[in-house]
Amino acid sequence: MDFRGSHILSIDQFDRSDIEKLFSVADKLEPYASKEKITRVLEGAILGNMFFEPSTRTRISFGASFNLLGGNVREITEVGSSSLAKGESLADTAQVLSGYSDIIVMRHPENDSVQRFAEASRVPVINAGDGSNEHPSQALLDLYTIQKELSQNGKSIDGLRIALVGDLKYGRAVHSLCKILSLHDNVTMNLISPKELRIPSEIAELLASRGLNIKETENLEDGISEVDIIYVTRVQEERFKDKNDANKYRGLLSLNQSIYTANCEPNTVIMHPLPRDSRSDANELDSDLYENPNLAIFRQADNGVVIRMAIFALVLDIEEKIEETSRPVNWKVGLKD
Amino acid sequence: MDFRGSHILSIDQFDRSDIEKLFSVADKLEPYASKEKITRVLEGAILGNMFFEPSTRTRISFGASFNLLGGNVREITEVGSSSLAKGESLADTAQVLSGYSDIIVMRHPENDSVQRFAEASRVPVINAGDGSNEHPSQALLDLYTIQKELSQNGKSIDGLRIALVGDLKYGRAVHSLCKILSLHDNVTMNLISPKELRIPSEIAELLASRGLNIKETENLEDGISEVDIIYVTRVQEERFKDKNDANKYRGLLSLNQSIYTANCEPNTVIMHPLPRDSRSDANELDSDLYENPNLAIFRQADNGVVIRMAIFALVLDIEEKIEETSRPVNWKVGLKD
Amino acid sequence: MDFRGSHILSIDQFDRSDIEKLFSVADKLEPYASKEKITRVLEGAILGNMFFEPSTRTRISFGASFNLLGGNVREITEVGSSSLAKGESLADTAQVLSGYSDIIVMRHPENDSVQRFAEASRVPVINAGDGSNEHPSQALLDLYTIQKELSQNGKSIDGLRIALVGDLKYGRAVHSLCKILSLHDNVTMNLISPKELRIPSEIAELLASRGLNIKETENLEDGISEVDIIYVTRVQEERFKDKNDANKYRGLLSLNQSIYTANCEPNTVIMHPLPRDSRSDANELDSDLYENPNLAIFRQADNGVVIRMAIFALVLDIEEKIEETSRPVNWKVGLKD
């Protein structure tokens with residue numbers, strides 16, 4: 001793929017060389033994300049950060065990533081503030097908002113909405129989640145995290161053994177991650193979910209057609225032994241027509257330290273796209289895992305910043321100009337020692 | 001008018017020389033709006049972008065315009081987040097917020113609210129819409145669009161023939177546009193609306209007193225023949241006491257390509273302040289007009305950026321300093337070829 | 001206290017030397033707050049301005065202060081947009097958001113929430129109000145205002161005579177101000193409130209133990225004679241379980257010019273943490289005080305900017321680097337003469 005001036009709408013756009021290119025740019029951007037130095041390469045550029053569905057982390061993560069490259073952020077944080085309520089079509093909104101931005105990040109509750117928006121936009125659009133459909137930057141940061149965590153144990157994504165746990169039906173992060181993993185060789189995937197929340201059949205068929213080694217189970221203990229990564233997800237309440245239906249599944253698959261110790265290989269990495277549901281009746285990942293050094297969930301969230309910076313850098317074609325605008329950091333970084 | 005340090009509250013403040021001054025600054029700012037170069041002339045300045053009524057395009061447009069000049073934007077996007085809910089007077093809010101900003105843009109649902117706010121403010125205030133009263137930057141960008149579109153056909157605003165279509169009673173954009181057009185010579189104006197949504201009598205009288213050639217009609221086909229510009233507006237549902245009343249008028253005046261072809265002169269320009277209501281029962285401008293090169297509605301929205309930049313530049317008196325802070329653009333602009 | 005990399009959670013962290021240090025930095029920052037010059041020392045830094053409870057002035061004041069030092073601001077303005085609604089713990093939110101920011105300002109409706117957030121954060125956290133508990137920057141700007149106003153009359157905080165008026169039970173600004181005043185010598189404090197809204201006993205006991213001269217009364221006229229400062233507060237409706245209870249106290253303690261003239265010493269300064277309730281049934285400070293030069297409420301709000309700039313400068317350890325990044329202001333400051 002030629003990233004320059006392209007929409008980033010689906011994980012299907014990425015082949016292995018695209019992923020490698022993106023990850024190498026992300027590696028170069030780490031000193032900027034960790035505040036060893038700053039760059040102002042995007043000074044004067046404007047990100048339209050358009051969230052038509054509530055979000056905190058994804059919205060702030062994209063906005064912060066753009067700021068770290070020196071750009072400005074203009075934002076929509078709610079449907080209510082939008083002209084959509086006055087009967088405007090998504091195409092009109094796209095035409096107008098793309099006149100105010102150099103690049104747009106968009107989240108919207110309807111499947112395929114971001115694609116329709118992108119068709120009318122005059123600037124590149126990054127899909128930050130359209131309903132239960134796609135959320136490509138999440139899959140990319142997940143894969144980047146898998147690679148970084150595995151490399152510490154001398155492993156690579158080819159040959160990966162991963163357990164996907166929870167709401168595999170509605171979790172768009174899971175769907176995109178499955179697709180991107182299917183590009184790799186010799187991947188074993190344990191799909192652990194209640195029967196009613198099984199992965200959609202079109203994804204299961206894709207995985208089968210690409211030769212992944214798939215096992216479906218409802219049993220957590222069974223599924224998490226003999227894997228390198230456990231990827232846990234939240235029951236996506238907001239996608240259920242009836243919230244009471246969602247409640248039936250909360251708490252069915254809950255990982256804690258004793259289950260981990262009894263079943264997992266050493267250094268099995270625990271991931272979660274976050275937010276995790278920590279209410280006592282859900283408790284997807286117990287708080288007693290907090291001290292487990294293999295709990296990678298916050299490193300995973302941090303990786304979102306470099307991955308999103310890398311997406312911006314490639315789409316706006318500035319990755320070669322970052323170093324020349326580099327400057328030292330003036331302020332104290334982090335907490336008192 | 002001396003723009004420097006002035007509030008911009010009403011289109012009544014503008015005479016023809018003010019408009020010409022503003023449009024000439026807007027012309028100079030076009031390379032910055034279109035990202036041929038950037039300026040950081042307002043580095044360190046803060047815009048207080050205060051929207052006490054939902055808006056997307058106007059809020060983002062003002063914010064982006066300030067960013068394009070190098071300034072920062074602090075924002076209020078809802079009444080709920082405001083101290084007004086705790087019984088604070090508008091004058092107190094103005095006193096306090098003007099201590100945090102170099103210039104304030106304000107929208108508020110009550111007529112004359114922005115004027116009252118400005119009286120207590122210690123920095124210049126730009127009216128971005130107060131109820132059904134004024135929205136001067138909209139009228140200015142409309143007029144700028146008319147001038148640019150006409151000039152391509154070798155015409156000027158003096159001698160303009162324009163049809164105003166839709167909710168002429170509550171549409172503040174229309175009211176302001178009428179006033180600013182009345183400063184020009186030999187203007188013919190066809191006012192097309194349901195009887196109940198006729199233009200307010202005080203505006204009709206102003207137009208008559210200034211010698212405009214006015215025709216009122218309920219018939220779309222009749223009104224849009226023999227004009228240079230058709231300016232269509234939305235039924236302003238939010239101004240009706242009873243929404244069902246608003247619904248009676250939706251869809252009565254709907255323009256499509258076949259009506260256009262049958263009735264209009266060649267190159268008749270179609271404008272709309274947006275958002276347009278594209279729901280099937282309203283359909284103010286049919287989607288079959290999308291390919292019509294005379295549909296200027298998105299060029300019109302784009303023109304909002306340069307006009308708002310020009311307002312900021314004149315009020316903050318930096319139009320002479322823009323060139324000296326000019327720099328090249330680092331990133332790829334727009335979509336892949 | 002060593003400010004560098006520290007959380008600022010409670011006024012209890014401050015001793016007199018800390019306060020003097022902060023105020024001296026605030027004095028140095030005044031030319032930047034008043035736009036005599038600009039600094040970009042925090043260019044590239046990101047403030048996470050996290051408001052989980054509605055606020056206008058505090059949110060905008062912190063954001064503007066960070067912009068004035070050259071930094072960027074990412075913002076949360078409502079609980080609804082947060083992952084807390086999906087069952088995320090405050091500790092998780094802190095872990096994630098601190099990966100996107102260099103410093104966090106947080107307001108939250110629950111007592112001690114900001115402290116719990118800070119425990120999990122990887123960057124310094126400034127408490128901008130946690131329920132009815134603490135709001136340290138408000139107390140600091142109040143004290144800074146008292147010092148500046150008194151110094152014009154040749155007085156200092158040692159020896160201060162102050163009347164605190166209104167809802168002394170729920171007003172967190174009052175609680176923090178009491179604590180900080182108790183560090184000074186020979187302070188006389190008249191506590192004027194309805195019996196049911198008396199200051200909490202633990203604060204009264206602290207004041208007594210530190211040797212302040214305390215008088216409690218329900219009578220406004222009695223309490224405001226023979227003081228240097230009258231500090232009026234709003235009935236904190238939002239802290240009452242039943243709003244009707246709050247209504248009983250609205251309007252009981254209302255100061256106007258004739259009461260002031262009849263009872264107060266010359267140059268008695270009037271302060272209020274704002275917003276003040278100006279509805280006719282509350283009218284804490286009558287509009288006829290508007291012309292009284294001793295009404296310091298807007299100077300007090302303005303002082304919030306330099307105090308918050310000083311907090312950022314000390315925590316991020318950049319106060320020595322401000323001058324070297326100093327630049328002239330390009331634009332016209334303020335209104336037309």
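The model is predicted. Chain C can be superposed on chain B by a turn of 120°, and the contact between these two chains takes 33 residues from chain C and 35 residues from chain B. Within chain C, four strands form an open sheet with parallel pairing.

**Relation of the chains**

- Two copies of a chain are related by a rotation about an axis and a shift along it.
- For chain C laid on chain B, the turn is 120°, the shift along the axis is 0.0 Å and the RMSD is 0.0 Å.
- This is the relation of a three-fold axis.
- In chain C, the C-alpha nearest the axis belongs to N72(C), at 4.8 Å from the axis.
- Chain A can also be laid on chain B, by a turn of 120° and a shift of 0.0 Å along the axis, with an RMSD of 0.0 Å.
- Of the residues of chain A, N72(A) comes closest to the rotation axis, its C-alpha being at 4.8 Å.

**Contact between chains C and B**

- Chain C gives 33 residues to the contact, and chain B gives 35 residues.
- On the side of chain C that touches chain B, the elements giving two or more residues are α2 (57-68) and α11 (297-315) of chain C.
- The largest share of that side comes from α2(C), with six residues.
- By residue type, the side of chain C that touches chain B has 14 nonpolar, nine polar and 10 charged residues.

**The sheet in chain C**

- Strands of a sheet pair through backbone hydrogen bonds, either parallel or antiparallel.
- In chain C, the open sheet has the strand order β3-β2-β4-β5, and the pairing is parallel.
- The edges are β3 (72-76) and β5 (125-130) of chain C; each has a single partner strand, so one side of each is left without a neighbour in the sheet.
- On average, neighbouring strands of this sheet are turned by 15° against each other, direction ignored.
- Four bridges join strand β4 (residues 103-108) of chain C to β5(C) in the parallel sense.
- M106(C) stands opposite N127(C), which is in β5(C).
- Helix α4 (residues 113-120) of chain C packs on the sheet and touches β4 and β5 of chain C.
- The direction of α4(C) makes about 160° with that of β5(C).

Key: Residues are numbered from 1 along each chain as its sequence is written. Chains are lettered from A and ligands numbered from 1 in the order in which they are written. This is a predicted model: local features need pLDDT of at least 70, side-chain atom pairs count only at pLDDT 80 or more; totals for chains, interfaces and linings use all residues. Copies are superposed by least squares on the C-alpha atoms of residues with pLDDT of at least 70 in both. Two residues are in contact if their C-beta atoms, placed from the backbone, lie within 7 Å. Ala, Val, Leu, Ile, Met, Phe, Trp, Tyr, Cys and Pro count as nonpolar, Asp, Glu, Lys and Arg as charged, and the others, Gly among them, as polar. Two strands pair if DSSP finds at least two bridges between them. Axes are lines fitted to C-alpha atoms, for helices over the stretch in contact, and angles run from 0 to 180 degrees between N-to-C directions.
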